[in-house]
Structures are given as C-alpha cells and as structure tokens.
Amino acid sequence: MAVTQPEATNLTTPQSEQNPSQISFSSVKLQELPHLTDYLPNLQSLPSPLEKNRFFRPSEGFYLTPGDVILRQIVYDLSGTFSASAPHQAYHRAGPRDRVYFESSQIRAAIVTCGGLCPGLNTVIRELVDGLWDLYGVREIFGVTAGYRGFYEREPVRLNPKLVRNWHKRGGTALETSRGGFDLEKIVDAIQDRGFNQVYIIGGDGAMRGAVNIFNEICRRKLNVSVTGIPKTVDNDVGVIDRSFGFQTAVEMAQQAIGAARVEAESAVNGIGLVKLMGRSTGHIALHATLSSRDVDCCLIPETDFYLEGKGGLFEFLDQRLKENGHAVLVVAEGAGQELIPRTDAQKQERDESGNLVLLNVGGWLKSELKKWWQRDHANELFTVKYIDPTYMIRAVPANATDNLYCTLVAHSAIHGVMAGYTGFVSGPVNGTYAYIPLEEVSQAKNEVNVKDHKWAWVRSVTNQPDFTRIQTCRTT
C-alpha cells in the first residue's frame, strides 16, 4: 500500500495581459514527496546535527524550506503560439533542512548496488559513507553485497570512511552486484530484522521499480524506515533528471573506441570502422559520442528506424562515402535495428534476470551484412570491416572528474532528504539544480532521444546521413 500523498500544491501567479514578453503561469504544480509522518504522525523532529558539526558553519539561507522548488520546464514560448496544456511541474529542491527525523545514534543505514556496472558506483558509496559519518555523525553504516539478494542471503559489511577512502579511484562496485534476486517479502523482512532505518538503493530502472515495491511494503507495515533511490545507468535513459551518473565518462571512453575505429578504417582500402555502443532503448551515448568525436559518418540509434538495401538505404550511403573518402566510421547503439535481425521463436521470448528482452548483437549482425553486401556488389574489390565493442571497457572504468562531482552531490542530496524524513524519493539534477523527485515517477519515466529536437538535427548535420525513416515512408506510400 502506497503512502497517501498530500494534494499537489498549486502556486498561482497572476497573468499579465499588458506585457506579452512576460512569462505567464496559470499555475505551478508542486510534486509532493512522501514523508515518514504521512503514516507515523507522532514522529517528532529534532534540530539538525549540522548545527553542532565542528566542520560546518551553517550560514543564513543555508537550510532549505518547502518553498524552495525547481521547475521541470524552463523553456517557454513567449509568443503564446504553443500554450502549455497542463500545469507547470515543480519539485522540492534538494539540500539540508533545519529539522531532522532521525537521531544520529539510532541510525542503521544500508547501501546496496543493483544491476550492471557503471562508472561512479564506488564514488556514490564512498560519499554516502562520508556524508553520513562526517555530516550527521552516523556510525552504523552497512553495505549489502550482491544486489537485492544480498539482503537475505548474505551478511552486511560494516563501512567507515577509512575503508572507503580510495574507492572513488576504482571501477566497478566494491559491494559487488547482481541482477534479479528480488524477493520483496524476504528483503523487507531482512530490513526489519537487521534494524535498518535508512536504505539507499543504487541501480537502474529495474532496481528503481524494485525500490518502489520496497517503499510501498515498508509503508504498509508502517516501519520507521526511509527509502531513497539513486538512479544508475550509463545509457542515460532515466527520466525526469538531466542525466545519470557515469554517462559523461561513458561518452568520453566511447570517443576512444571511435578514434580507434577511424584509424583502422583509414588504414585499409575501403575500410569501415564499426563501433557498437551501449544503449538498449536510447541512443544518448551514441549521439553524444558522435557529436563529440566528429569522426563518425553514420549514427544509428533505437529511436530511429533504418534499412539496408535500396534507394536511400545504409548500403547506398556507405558506398558513396567509400567512393568519396576511401573509408567510413559507423556507430550503432546496441538497441538499434533489433527488428531487422532474424530471431527464432525462442529468442523472441528470451529475457534476462532483470526481465528485459535479450537483445541480439546488432554489431556482429551488421558486420556480417556489410561483408555480404560488398561481396555481392563489389566482388573483386578490397574491403575491410573492423568491429569494436567497448561495452565492458566503458562501464568498468572509474568515473571522470565531472561524474565524480556529480556522484558527490547526488549522494549528499540523498542523505539530506532522508534525514529530513522524506522517503520514496530520488535525488537528481533537474535543469542543473538538484531536486527530490517521487520514486514512482522516476521508475515510470523514460529519457528517450527526441529525434525532433535540435540535438538530433546536429547529428544529421555532422554526419550528413540519410533520414532513413522519411525515405522509407515515401517508398511505401
């Protein structure tokens, strides 16, 4: 049973009919956050321990209030041509509050990492430990190993700042991880039996959906336990927030693979460098790596269709590029073109431990199809395809400086929110400022590439690749 949330607050501002250049809001809908007092009304607040922290000197305006909000939509049409059909959404701003709902000496915090690897996992763990320990004086901090199943299959590991001091310099997760293993009753029983009252869940969309179920079950049992999610995915497919941690590191590493593909392609007669990048449902890494490297001739992502044969197809385009430049670099996201790859009936039903449909290897398939095409149409000419799949190299590296800073801020934001008694929420940047977002909203939202946006148009202008969808539509009408 989910916590019954208060009605969203409408912050109404007067409309101006005199000055059309002034933004007019009919209303702003503040997304209310679940709070422990929603189902534990007698819970008492305490002064923030930050007041007595010898390393901190809170100044005027340091503590945030319920009136500090972040607008989700910050781009508006002043001409009024495209009016908003719904109230403007706003979220509570993340940061310290002057009242908390946990006594530091009574806190037992649990940290868990779920799903695949991502640059920055160890940094988030480190900063959660340091923030709890140094800012709020928490001494009972535990790491749950091996993902969700670790709650009920393994003993938790006690964590402290000395132990985690250099973890941010390492790739992977020191707590170990796994997919699947989600047993709601066993997980919440373990949380209750071990006396955990703060639970920090770091993971992707599957882990966030699991966190929603854990939060709802804790509410049903009326446990004094705060649950927060910290979304993790190199694909950057988590909705609402600006980006997820590890994404910029992934783009940086992807450029190295693209650079290697370019060298291989240039060093061969009619050479093609083929790079498969992560992105099972979104093409953000492929898109940003293409824009950053400027070495890519064609970028294929899950949000757009493409086809191989015929007028305006991929083969025709690559043929022209090879005639012009003698080489070409092709980047494909792992989720692109899945409908083109032949599947057996068994493969159509196959799913991984997280419940996702198992993707076929679009990179290997494209390499094979390219060779078949060349052998058929240019049988007596030299041709080389060099295929690079840097997936495990990218996701296993330590976070770069930008992602390390992100991980620090998102971890500390989560701690401040939990200490303030909020639960069932996610911390993340919204329009550059960290906010608290209801966990259920984040678990359902998707961040797909908007192919009608300027960013995709920039990709097209950099690569000069065909608009496969439009040409295919014309041919079938």
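Residues are numbered from 1 along each chain as its sequence is written, and side-chain values use heavy atoms, with hydrogens and water left out. Because the model is predicted, local features need pLDDT of at least 70, side-chain atom pairs count only at pLDDT 80 or more, and totals for chains, interfaces and linings use all residues.

Tyrosine 387 lies in strand 15 (residues 384-388). Strands (E, at least two residues) and helices (H or I, at least four) are DSSP runs, numbered from the N terminus. Tyrosine 387 is partly exposed because its relative accessibility is 24%; buried means under 20% relative accessible area, exposed over 50%, and partly exposed in between (1.4 Å probe, protein chains only). Beyond its neighbours within four places in sequence, tyrosine 387 is in contact with Leu274, Lys276, Asn361, Gly363, Gly364 and Lys367 (contact: heavy atoms within 4.5 Å). Its side chain joins that of asparagine 361 in a polar contact of 3.1 Å. A polar contact is a pair of N or O atoms within 3.5 Å; within protein, one must be able to donate a hydrogen and the other to accept it, and residues adjacent in sequence count only if both atoms are side-chain atoms. Glutamate 264 is 123 residues from tyrosine 387 in sequence, with a C-alpha to C-alpha distance of 9.6 Å.

The structure contains 13 aromatic pairs. Rings of Phe, Tyr and Trp (its six-membered ring) pair if their centres lie within 6.5 Å; planes under 30 degrees apart count as stacked, over 60 as edge-to-face and the rest as tilted. Phenylalanine 245 and tyrosine 406 form a tilted pair, 6.4 Å centre to centre with 55° between the planes. This pair links distant parts of the chain, 161 residues apart. Phenylalanine 245 sits in the loop between strand 11 (226-231) and helix 6 (247-266), tyrosine 406 in helix 12 (residues 401-419). Both residues are buried.

The pair of tryptophan 373 and phenylalanine 383 is edge-to-face, because the ring centres are 6.2 Å apart and the planes stand at 90°. Tryptophan 373 belongs to helix 10 (residues 362-377), and phenylalanine 383 to the loop between helix 10 and strand 15. Tryptophan 373 is buried at a relative accessible area of 3%. Phenylalanine 383 is also buried, at 18%.
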